[in-house]
Every structure is written in C-alpha cells, then in structure tokens.
Amino acid sequence: MATIVVMPQLGNSVESCLIVEWAVAVGDTVAVDQTLCSIETDKSTMEVPSTDAGTVLKLLWEEGDEVPVKDPLVVLGEPGEDISGLVPGDKVPTAEPKDAPGEVDAHDVQEAQETAAPSFATEKASGAVSPRARALAASKGVDTSAITEGSGPRGRVIERDVKAAIEAGPVLTSAAKATGGIAEQGTGIGGRVTTADLANPRTAEAAPAAAAVAVPAADFPGASESAPLKGVRKVVASRMMESLSTTAQLTLNTTADATGLLALRKKLKNADESLGLNRVSINDLVCFAVSRTLPKYPVFNAHLEDGVLTKFEQVHLGFAADTPRGLLVPVIRSAQALSLKQFSAEAKRLASEAIEGKINPEYLSGGTFTVSNIGAFGIETFTPVINLPQTAILGVGATTGHAVVKEDGTVGVQQRLTLSLTIDHQVIDGADGARFLRDLVAAIENIGMTVLA
C-alpha cells in the first residue's frame, strides 16, 4: 500500500523548510532511514530520512521549493500502484517497467517527474533557476537570464542548462543578435557578447574609416538577477526589521584595557595541551566575562514580549556566527555555570555545527542575551541590533592601540577593546547600561580574577 513521507518537524520554531537537493528520483527503491533529500531550515541544513521502505512513485516538490512542515513530501509504494487517492487531481505517475522486470524505463521516470504538481505544491514560474544551476552560473560568470528556456519542469533552468551554455560559448546581447555578427569572446556582464565584441565584415565595410573609433552603445541596463529572499536570509531580514520597528534601541560605546586579556590568551595558548585550554580565544574570554556580569543585572538577561518582562536566573548566552547560510545565533545554555574550559569547548562545538549546517535547531533558540563580535574584520565600533525578544545585545569590536599617559607622565600605547552595548530603552535606562558596561569592563580588565572567581 502506498504511503506518504511528510516534511519532518525540526524544532518547535521551524515552520517550513527549503528543499536544497533531492537524493532520490522516481523509480528508485529506498529503505527506512535512507536519505531522501537535503533541506535548509531558517537555521541550518540537514538531511531528511525516509520513514518507510518502497519505490519512489512521486516527488511532490522540486529543488528550491519551500515546504511547510508536516506537508506531504514523497509518495512511496509498489511499482505501478495507483496513487490517485493520495494525490487528488494529479496524474498518476508510474514506475512500472515496460521492459524487463526490475528495470525502469527512462522515459517513464522523466514523464513521472514532469507530471502536474498536486494542489498543495508551489508552482514555479518559467525562468526559475535551481540552486545548483545558480551556483554553477555564479562560479563560471554565466548570465542565467540569457538562457531563454530551461530543460527542467515548467521551463526551470537546471544545472545541465548552465553546462550547455558554457559549452556553447558566450551569449549575445539583444543588440549584438540584431547586428548578426560573431565573436570568440564577450566583454559584457556575465561574459555576454556586446556589439563592441563583434567581428562583422558587412558592418566593417559599410562603416567609414573615421567611425572605427566611435564609442559603442552601452548594453543598458546590463545583466541582472532577481530572486526572492529565502531560508536564513529571509528570516534575518524579517527579524531585523521587527527588532528596529518594535523596540527603542540605544547604543552605548566604551573601551576596555585589553592588556590582561591578551596576556592571558597568550599564556593559555602556550599551556600544556593536557589542560585543554590552548584553543581558548579572545572572544571566549570576553563572552565568559559577560556570563559572569549578567547575573548582577537581571533586566539585561531577559525577554520582553507583549508588554511582559521575563527575567531569567540562568544565562543562556547567544553568540552571532557567520555561516555559509547566513547569520545564525547558537546558544550556550547555562553559561554562568560553566568553567572556562567547558565554556570554550561548547562554543567551539556550536560554532562548528552551525557553519557545517548540522546544528540542532533547539540550540538556535532560547537565548537570553547575545554577543556579536566582528572585531576580527577590523571594525572598531558598530551598532548591534537587539535579537528579539531579548532586551540587550553586546557588540565587540577590534583591539587597537590608544595613546595613554603613564603614571610617570610619559606617553605610551595601550591596547584597548571596543564594546558597544545596545539596550531596549523601554525597560533599560541609559544609566543602567553605563553601570553594566562599567562592571563588564572591570571583569575584562581583571580577566584572571574573573576566571578564578
């Protein structure tokens, strides 16, 4: 009997997932727990295992489609089984072989894949580009808008279309096509051939000698590409706009003497490897100091939702992570209770899983305070945006040399770390923010004692 595999619920906050790539095709035989496809949530990328065994009779979505959780994803069953009752209004695809038993005719598979989508599937407009095709085009400088018709379902441009465009050589602009010339290489955007690249004997003979230096007409407005925001980028865009439009954000800036911080980092880096402290970073030390300062200021370690302020006893510290899929914020749970070694190890684990797209979505929610460090890019100060529903966020900038007057009256250079604290002025006053920064600076400047406390 045919069964339907649905899009799994991946964490309480995940509402839909984007299909990145199918790992099976119509006619394939799959086993329980075999990977059906890779998907991208608003937080990470992972694989969807099959919950049943059988032959793939229908793929209900295409690569690039955004599928609500618990919606039908794949139909499994016996070859040739009638699935019209499972997919109302759809043509009945079949994987039953026409030739020898155990074999699937390629035409049947192609026909099954290109049948009309069920009523709950997202229709793709002609001209859409699959993720793999877009990635290949970007790496080879190919303008996908110049591919007039894709070979995928409903005219979708897929990877083989881009490969064919690469093999066919440069694409002519509309003006170049009208001229009817030829060229070996294009100098336009995406490698397109413009009128300036053409070697056309007819136009060369008709043009006067003086016209040889004429400036060619520009290909206006040039190649471009449009695509709706999806996945992580779509979620980040929504949350940033919501944060700025629903909170009263105020940013306070200060610096901390980083002498002790740099000295301790150097000492840990050169410590005996058996201690497990060699990989402790400057960011680990700063975040560790934050986790020790927050319990003194409950309103900073809080959520504000619908006019209700919830203060937390435990510090669930989020840290902004730059990943291939966009900005993610892994959360170190109960950070105030961890030793420096435990804190650093957990931060490394979460960051690695976030970058690889393997992090459990549950570790991307529930944070009570966030730290965003972009000092490694040379940014000295910036205005971090509060991660709702939290009430504050700390930005960490670069460590730079500052001129200081020593006790003996001479001038020297001191390495100082920039800190930018954004608070929600609805519940936190500027004076409270200043007090928090004062205590945090003290914890950082005396990091040796902070670690031992």
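Which hand does the crossing of α7 and α8 have? The crossing is right-handed, the label used when the near helix is turned clockwise from the far one by less than a right angle, with anticlockwise giving left-handed. The model is a predicted one, with local features needing pLDDT of at least 70 and side-chain atom pairs counting only at pLDDT 80 or more, while totals for chains, interfaces and linings use all residues. Residues are numbered from 1 along each chain as its sequence is written, and side-chain values use heavy atoms, with hydrogens and water left out.

Overall, the protein has 11 helices and 18 strands; these are DSSP runs numbered from the N terminus, helices being H or I of at least four residues and strands E of at least two. Of its 453 residues, 43% are buried, meaning under 20% relative accessible area with a 1.4 Å probe and protein chains only (over 50% is exposed, in between is partly exposed). Take contacts (heavy atoms within 4.5 Å) between residues at least 6 apart in sequence: 61% of them join residues at least 24 apart.

Back to the helices. α7 (residues 259-269) and α8 (residues 282-293) pack at about 120°, axes 10 Å apart; axes are lines fitted to C-alpha atoms over the stretch in contact, and angles run from 0 to 180 degrees between N-to-C directions. The pair is therefore oblique, the class left over once angles under 35 degrees (roughly parallel), over 145 (roughly antiparallel) and 65 to 115 (roughly perpendicular) are taken out. On the α7 side the contact uses Leu-261, Leu-262, Leu-264, Arg-265 and Leu-268, and on the α8 side Ile-282, Leu-285 and Val-286. That comes to seven nonpolar residues, no polar and one charged (nonpolar: Ala, Val, Leu, Ile, Met, Phe, Trp, Tyr, Cys and Pro; charged: Asp, Glu, Lys and Arg; polar: the others, Gly among them).

α8 also meets α10 (residues 430-445), their axes coming within 9 Å and crossing at roughly 130°, which makes this pair oblique too. This crossing is right-handed. Val-286, Ala-289, Val-290 and Thr-293 of α8 face Phe-436, Asp-439, Leu-440, Ala-443 and Ile-444 of α10.

Ile-444 turns up again in the largest nonpolar core, among the residues touching the most other members of its 51. Such a core is a set of buried Ala, Val, Leu, Ile, Met, Phe, Trp, Tyr and Cys residues joined through side-chain atoms within 4.5 Å. Leu-394 is also on that list, and Leu-394 contacts Ser-372, a residue of strand β16 (residues 369-373) that counts as buried at 13% relative accessibility.

Key: Lists of a residue's contacts leave out its neighbours within four places in sequence.
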